[in-house]
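I opened this structure to look up a few local features. My notes follow in the order I took them.

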Amino acid sequence: MGNLINRMMRKTNPAVYSKKDSHMKRTLRIRDFLALGIGTIVSTAIFTLPGIVAAKHAGPAVSISFIIAAVIAGFSALDYAEMASAMPFAGSAFSWISVLFGEVWGWIAGWALLAEYFIAGAFISSGLSTNLQGLLSSIGFNLPKFMASSFGTKGGIFNLIAALAVLIVFSVLHHSTKGTAKIENVLVIAKIIVIALFIIVGITAVHAQNYVPFVPAHHVNPDGSNFGGISGILAGVSMIFISYLGFDTLAANSAEAKDPKRTMPTAIIGSLVIASAMFIMVSLVLVGMFPYQKYAGNAQPVGWALRASHHVLTANVIEGVATICMFSALIGAMMAGSRLIYSFGRDGMLPKWLGHITKRGLPENALLLVTISSIVVGSVLPFTFITQLVSAGTLIAFMFVALAMFTLRHREGKDINEPDFKVPFYPVTPILAFIGTLIVFWNLDSAAKIYTVGWFVLGMIVYFCYGIRHEEHAKQAKK
């Protein structure tokens, strides 16, 4: 028993990851990471969640939900920035926690991220599909119901457009990281332009009475969730926290960064600040255009609000460009997910063929697994439920990283490189990051928390039945 516990708690030497990840090509610059971060954060969520959260939880105060989520994510982003600067390894929290806390804790943090990335591709592709179908229906083209939605949703069996979107991104990522970065840069610039266009045009249709009362009175929804008041705002925070997923995708790709000690902090913090400003402005304009009740069950509120305000051409242009630009978020999620799965294979925690790197420096097998999972999950789970599950995985990883900051500080300049960026107001910032993410997690729907527990039970079964028996460092210890 003692030997088993020692193996579970064994900490990975950071030099091991530095050596293994050296096979990946460092080609990404600050502007590439900024585009990747903004492209992933400002994803499907900005065109869908403001309306959904306003109608279900927060009313006009949805902008407050976004602000609170941004502040909490900001504390975590600062932790991520120092971690990525000190340890620019593929796999982000999985690798960091394995170094700082030990094998079993690294597995738990990585398993949380695995849930996030297995589902994130499905979430983004589902939103992309919804927006594209809304655009197509405006010109009289509608897919048959059985291939328009996920299984059991509005008569759907298989979401065809979501599956095709995932396959297109797989084709892009399969070629090269540098080429993907160029595509990402173009898509992000186009996305920023259409968001600015919506804000400018939408302001002309804002009616002040739609903001009153800004924080509606609290009541409990039929499904048991909260609407209005502080409880409704916090419930909204939990639902939209997926919006700030993107900076974790940056950390997952830090093994491919040029000058990571400087690149990673700038990109992580910069992308979060820019994206947060966009979310807040879009949500304020959206709830000002129409009463928040109008957005109930509407997964394409931006296009709907513009059309209902007689800006049909603008709506079509924005939805057309925005739908194409959603590929930038899908690229970021699938790219980061493949690097996480690669890191599991690299360590032998999952089959080693997942840790295979091609001559072009790409984790091809891991990318294929992410592609398959995104298609399968997106075809089975409904859009709003996927949102909650992705948030749960992200929040657990953020809590691990916040706690790990205290161990990191004691090892910096010793066996871990001294980072160029240090979290300000340490140790207050990591404490606030942990408390904030814990509160957000606590306000998730009960179903999401139950399924999260089930996911971790499965994770521990995989760990004890496979991971601990095949873990690469354990093999080396026996030699």
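This is a predicted model: local features need pLDDT of at least 70, side-chain atom pairs count only at pLDDT 80 or more; totals for chains, interfaces and linings use all residues.

**Entry 1: Leu 197**

I looked up Leu 197 and found it in helix α9, residues 177-203. Is Leu 197 buried, partly exposed or exposed? Its relative accessible area is 33%, so I logged Leu 197 as partly exposed. I then listed its contacts, leaving aside neighbours within four places in sequence. Leu 197 touches Thr 314 and Ile 318. I also checked Leu 197 against Val 282. The two are 85 residues apart in sequence, and their C-alpha atoms are 11 Å apart in space.

**Entry 2: helix α14**

Next I took helix α14, residues 312-347. I noted 36 residues and a reach of 53 Å from first C-alpha to last. That is close to the 52 Å expected at 1.5 Å a residue. Where is the kink in α14 centred? I found it at Thr 323, with a bend of about 30°. I then looked at burial. Of the 36 residues in α14, 30 are buried, so the helix is largely enclosed by the rest of the structure. Just after α14 comes Gly 348, where I read a positive phi of about 80°.

**Entry 3: α3 against α12**

I turned to a helix pair. Two packed helices are described by the angle between their axes and the distance between the axes. For α3 (residues 30-41) and α12 (residues 260-289), I noted an angle of about 35° and axes 8 Å apart. The crossing of α3 and α12 is right-handed. Which residues of α3 meet α12? I listed Ile 30, Phe 33, Leu 34, Gly 37, Ile 38 and Ile 41. On the α12 side, the partners include Met 264, Ala 267, Gly 270, Leu 272, Ile 274 and Phe 279. By class, I logged 11 nonpolar, 5 polar and 1 charged residues in the contact of α3 with α12.

**Entry 4: Phe 400**

I placed Phe 400 in helix α16, residues 383-411. Its relative accessibility is 14%, so Phe 400 counts as buried. What does Phe 400 contact beyond its neighbours within four places in sequence? I found Ile 97, Phe 101, Trp 105, Ile 108 and Ala 109. I also checked Phe 400 against Phe 434, which is 34 residues away along the chain. Their C-alpha atoms are separated by 8.1 Å.

**Entry 5: cis peptide bonds**

I looked up cis peptide bonds. One joins Val 212 and Pro 213, with omega about -5°. Pro 213 lies in the loop between α9 and β1. Another joins Tyr 426 and Pro 427, with omega about 5°. I found Pro 427 in the loop between α16 and α17.

I checked Asp 259, in the loop between α11 and α12. Asp 259 is not a glycine, yet its phi is positive, about 50°. At a relative accessible area of 41%, Asp 259 is partly exposed. I then checked Phe 425, in the loop between α16 and α17. Phe 425 has a positive phi near 60° and is a residue other than glycine. Is Phe 425 buried or exposed? I read 69% relative accessibility, so Phe 425 counts as exposed.

Key:
Residues are numbered from 1 along each chain as its sequence is written. Side-chain values use heavy atoms; hydrogens and water are left out. Axes are lines fitted to C-alpha atoms, for helices over the stretch in contact, and angles run from 0 to 180 degrees between N-to-C directions. Helices (H or I, at least four residues) and strands (E, at least two) are DSSP runs, numbered from the N terminus. A crossing is left-handed if the near helix is turned anticlockwise from the far one by less than a right angle, and right-handed if clockwise. Contact means heavy atoms within 4.5 Å. Ala, Val, Leu, Ile, Met, Phe, Trp, Tyr, Cys and Pro count as nonpolar, Asp, Glu, Lys and Arg as charged, and the others, Gly among them, as polar. The expected span of a helix is 1.5 Å times one less than its number of residues. The bend at a residue is the angle between axes fitted to the seven residues ending there and the seven starting there. Buried means under 20% relative accessible area, exposed over 50%, partly exposed in between (1.4 Å probe, protein chains only).
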